[in-house]
Amino acid sequence: MKTSFYLRLGLLMSLIYYSLDALLDYLILYENLSFLDTLVLNVPVNELYNRFTAILLIIVSLLLIRLNSLRIGRTRRIREDDIFTDLNKSSVIELVGHQLKTSLSTIIGFSKLMDEKGINEKTRSMYSEHVYISSTNLLHLFNNLIDLNRLINDRYTILKETCKVTKMLGDLRDKYKEDIDNRPTQKISLKMSVPEASRNLTLVTDCIKMQKILGRLLENAINFTHEGIIEFGYTIEDNTVRFFVTDKGGGLSLENLENAFSHYSIRKKSLDAIFDLAALRVIVARKLAELIGGNLWSDSKLGMGSTFYFSTPLSGHHEELQTEKLEDGGVPDWGGKMVLVAEDVEPNYLLLKELLKPTKVEMTWARNGREAVEYFREHQESVDLILMDIVMPEMDGFEAARKIRELSQQVPIVGQTAYSLEYDNNPDQLVNFNDYITKPIWYHELISRMIKYI
């Protein structure tokens with residue numbers, strides 16, 4: 001309620017008090033006076049003093065109640081905002097430092113052990129899994145910190161685009177199935193559930209942020225589940241799409257994770273890096289959900305698992321005529337196709353080459369944007385697709401794509417970068433690209449992008 005309401009209430013209460021006090025004075029103390037005299041015309045000075053003192057107390061009391069409610073509301077907002085404004089404080093820096101040192105120590109240590117002679121394949125696989133998990137923990141940490149920084153500084157733009165919900169969930173399933181395959185000691189599997197009646201649902205929303213939210217919830221489930229099924233999907237209720245991710249972990253709730261992060265500074269002596277990373281992950285997911293007009297909450301039972309829900313309005317939706325393909329389509333055969341890769345870091349090119357080897361596609365390497373433009377100018381008839389890095393020496397990917405578009409409007413160009421490209425600073429920055437993929441590049445993500453254009 002507004003302050004003006006409290007003032008009006010105070011004045012009304014004061015008027016009622018004044019009238020009642022005048023009536024009592026007329027009936028009990030001043031029988032020789034009329035009621036009109038005791039009310040306004042001939043009021044004894046001491047009675048006026050008492051009445052106005054009481055009126056002042058009434059108004060001051062109501063204003064104090066209002067100030068207290070404002071203070072409580074402000075404290076609640078500050079407590080909520082502390083989670084986000086704490087980014088540059090020492091507590092979060094220590095979280096990053098602790099996670100960084102812990103993960104790098106694991107990566108370096110087990111990488112060296114993998115080179116030891118005489119270890120069997122089972123042991124080597126275990127070492128490899130430790131390296132992989134620590135590497136992905138670092139990746140998730142930095143991704144969440146980048147998103148948190150952008151959220152704090154209000155650097156996210158809401159994009160309205162067509163989002164094929166089942167296709168989006170299928171891409172997430174393929175990506176995180178690949179992640180699970182690299183964790184052989186965790187006996188877990190993914191189950192994707194979509195309602196048969198709306199499996200072709202298409203929403204007009206910010207699909208990229210929706211993928212980020214669900215991706216973080218899946219990462220959280222994978223990190224806390226050691227055995228069992230992780231189920232995810234959506235239902236439609238009351239004109240709302242309700243996404244869910246159910247795990248068989250320890251039963252951590254959204255509230256517990258947020259409280260853990262906001263009270264991080266008092267827990268520095270008993271750090272739990274995985275727990276704090278999960279807290280940061282779901283905090284970012286909740287903030288992203290609110291940003292696109294949704295809501296995120298959890299239903300958890302200690303020791304039995306958690307279900308995290310993310311809801312968004314069912315607005316601008318329709319049903320596609322063509323049924324989305326839910327199962328893995330296998331390895332595509334791109335024999336005779338040519339992909340031009342513009343990439344200045346050789347290991348990144350070699351990784352792409354290894355990832356795409358099963359497809360039989362031919363690849364040629366340009367070490368910067370200028371080489372890519374020159375190669376395409378001479379061989380454009382043979383190039384079926386271009387994988388274009390964004391940050392390169394001599395000529396970056398934006399300029400190279402612009403020059404290639406002057407030569408051809410038909411060749412598909414897929415950007416690849418470690419930066420987050422969401423049109424935040426320049427809505428036209430990807431005007432010359434058909435699509436883009438962020439690093440690190442996952443096999444299924446790469447294939448799903450390329451298969452649309454080859």
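Analyst: D174 is buried, with a relative accessible area of 15%; buried stands for under 20% relative accessible area, exposed for over 50% and partly exposed for values in between, using a 1.4 Å probe on protein chains only. The model is a predicted one, in which local features need pLDDT of at least 70 and side-chain atom pairs count only at pLDDT 80 or more, while totals for chains, interfaces and linings use all residues. Residues are numbered from 1 along each chain as its sequence is written, and side-chain values use heavy atoms, with hydrogens and water left out.

D174 belongs to helix α6. Its side chain makes a polar contact with the side chain of R173, at 3.2 Å. A polar contact here is a pair of N or O atoms within 3.5 Å; within protein, one must be able to donate a hydrogen and the other to accept it, and residues adjacent in sequence count only if both atoms are side-chain atoms. Helices (H or I, at least four residues) and strands (E, at least two) are DSSP runs, numbered from the N terminus.

Helix α6 covers residues 165-181 and lies across β2, β4 (227-237) and β5, running at about 175 degrees to β2. Helix α7 (residues 207-224) also packs on the sheet, where it touches β2, β4, β5, β6 and β7, and its direction makes about 175 degrees with that of β7. Contact means heavy atoms within 4.5 Å. The axes are lines fitted to C-alpha atoms, for helices over the stretch in contact, and the angles run from 0 to 180 degrees between N-to-C directions.

The sheet itself is open, with five strands in the order β2-β4-β5-β7-β6 and mixed pairing. Its edges are β2 (187-193) and β6 (295-301), each with a single partner strand, so one side of each has no neighbour in the sheet. From one strand to the next, the twist averages 15 degrees. Two strands pair if DSSP finds at least two bridges between them. In general, strands of a sheet pair through backbone hydrogen bonds, either parallel or antiparallel. Here β5 (residues 240-246) and β7 (residues 305-313) run antiparallel and are joined by seven bridges. One of the residues involved is T240, whose bridge partner in β7 is P313.

The loop between β4 and β5 holds N239. This residue has a phi near 60 degrees, positive although it is not glycine. Most residues other than glycine have a negative phi. N239 is exposed, at a relative accessible area of 53%. K360, in the loop between α10 and β10, also has a positive phi, near 65 degrees, without being glycine. It counts as exposed at 57% relative accessibility.

Strand β12 (residues 413-417) pairs with β13 in the parallel sense over four bridges, and Q416 stands opposite I437 in β13.

In helix α11 (residues 369-379), the buried residues are G369, A372, V373 and F376. Seen down the axis of α11, they fall within an arc of 95 degrees, so they line one face of the helix; the arc is that of the directions from the helix axis to the C-beta atoms. Their cover includes β9 (338-342), β10 (362-366), β11 (385-389) and α12 (397-407). The N-terminal end of α11 is capped by N368, with a side-chain oxygen 3.0 Å from the backbone nitrogen of R370.

The protein chain has 13 helices and 13 strands, and 46% of its 454 residues count as buried. Its average pLDDT, the predictor's confidence in each residue from 0 to 100, is 80, and 80% of the residues score at least 70. Under 50 lie residues 263-274, with 15 contacts beyond four places in sequence, and residues 321-327, with 13 such contacts. Where pLDDT is low, the predicted coordinates should not be read in detail.
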